[in-house]
Amino acid sequence: MDVPLGELSAAPPRDGARLEAHPLPARPGLRVAGEVTLDTRRVWQEALGLLTRQEGAPLHMELSELAFIDVAGVTDLVTATRSLSEGQHLVVHRPPPQLTRVLDIFWPGTGGIEVAP
């Protein structure tokens with residue numbers, strides 16, 4: 001990876017939500033665990049910023065351990081993919097159901113994001 005991601009995490013906020021992001025070992029991308037809520041949004045935005053500055057195509061996000069993402073978090077994801085370099089796109093692996101539903105409702109056919117089961 002060209003951008004050292006380190007580990008991002010938010011201290012447990014008052015609602016108990018947490019969010020962690022770790023680099024994927026074998027390909028450009030992140031593994032994200034926890035919940036994307038108002039209290040963890042800063043960490044989510046920082047992780048997306050680091051992700052979009054990486055080299056490689058496609059970029060990957062492993063979301064099987066993401067229990068929840070609110071509409072603002074999905075909006076951040078869509079906005080981040082719009083800043084990808086030409087030829088890049090994002091593959092989200094095993095996202096929580098609400099992410100796919102929100103994408104289908106508000107951004108049907110959004111280019112730049114591929115959802116992989």
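1. The core. The largest nonpolar core has 27 residues. A nonpolar core here is a set of buried Ala, Val, Leu, Ile, Met, Phe, Trp, Tyr and Cys residues joined through side-chain atoms within 4.5 Å. Buried means under 20% relative accessible area, exposed over 50%, and partly exposed in between, with a 1.4 Å probe and protein chains only. Val-32, Trp-44, Met-61, Leu-77 and Leu-90 have the most contacts inside this core. At least two core residues come from each of strand E2 (19-23), strand E3 (29-36), helix H1 (41-52), strand E4 (59-69), H2, strand E5 (90-93) and H3. In soluble globular proteins, nonpolar side chains tend to be buried together.

2. Basis. This is a predicted model, in which local features need pLDDT of at least 70, side-chain atom pairs count only at pLDDT 80 or more, and totals for chains, interfaces and linings use all residues. Residues are numbered from 1 along each chain as its sequence is written, and side-chain values use heavy atoms, with hydrogens and water left out.

3. Overall layout. The protein chain has three helices and six strands. Helices (H or I, at least four residues) and strands (E, at least two) are DSSP runs, numbered from the N terminus. Along the sequence the pattern is β-β-β-α-β-α-β-α-β. Of the 117 residues in the protein chain, 50% are buried. Take contacts between residues at least 6 apart in sequence: 65% of them join residues at least 24 apart. Contact means heavy atoms within 4.5 Å.

4. Met-61. Which residues does Met-61 touch, leaving aside its neighbours within four places in sequence? Leu-30, Val-32, Trp-44, Leu-48, Leu-51, Leu-77, Leu-90, Val-91, Val-92 and His-93 are in contact with Met-61.

5. H2 against H3. Helix H2 (residues 71-81) and helix H3 (residues 97-106) pack at about 70 degrees, with their axes 10 Å apart. Axes are lines fitted to C-alpha atoms, for helices over the stretch in contact, and angles run from 0 to 180 degrees between N-to-C directions. H2 and H3 are therefore roughly perpendicular. Angles under 35 degrees count as roughly parallel, over 145 as roughly antiparallel, 65 to 115 as roughly perpendicular and the rest as oblique. H2 supplies Val-71, Val-74, Leu-77 and Val-78 to the contact, and H3 supplies Leu-99, Val-102, Leu-103 and Phe-106. That gives eight nonpolar, no polar and no charged residues. Ala, Val, Leu, Ile, Met, Phe, Trp, Tyr, Cys and Pro count as nonpolar, Asp, Glu, Lys and Arg as charged, and the others, Gly among them, as polar.

6. H1 against H2. The axes of H1 and H2 come within 10 Å and cross at roughly 15 degrees. That makes H1 roughly parallel to H2. Arg-41, Trp-44, Gln-45, Leu-48 and Thr-52 of H1 meet Ala-72, Gly-73, Asp-76, Leu-77 and Ala-80 of H2. By class, this contact of H1 with H2 has five nonpolar, three polar and two charged residues.

7. Burial of H2. Gly-73, Val-74, Asp-76, Leu-77, Val-78, Ala-80 and Thr-81 of H2 are buried. Their cover includes E3, H1, E4, E5, H3 and strand E6 (113-116).

8. Backbone points to check. Most residues other than glycine have a negative phi, and most peptide bonds are trans. Ala-57 and Pro-58 are joined by a cis peptide bond, with omega about -5 degrees. Pro-58 sits in the loop between H1 and E4. Arg-94 is not a glycine, yet has a positive phi of about 50 degrees. Arg-94 lies in the loop between E5 and H3. Arg-94 counts as partly exposed because its relative accessibility is 43%.
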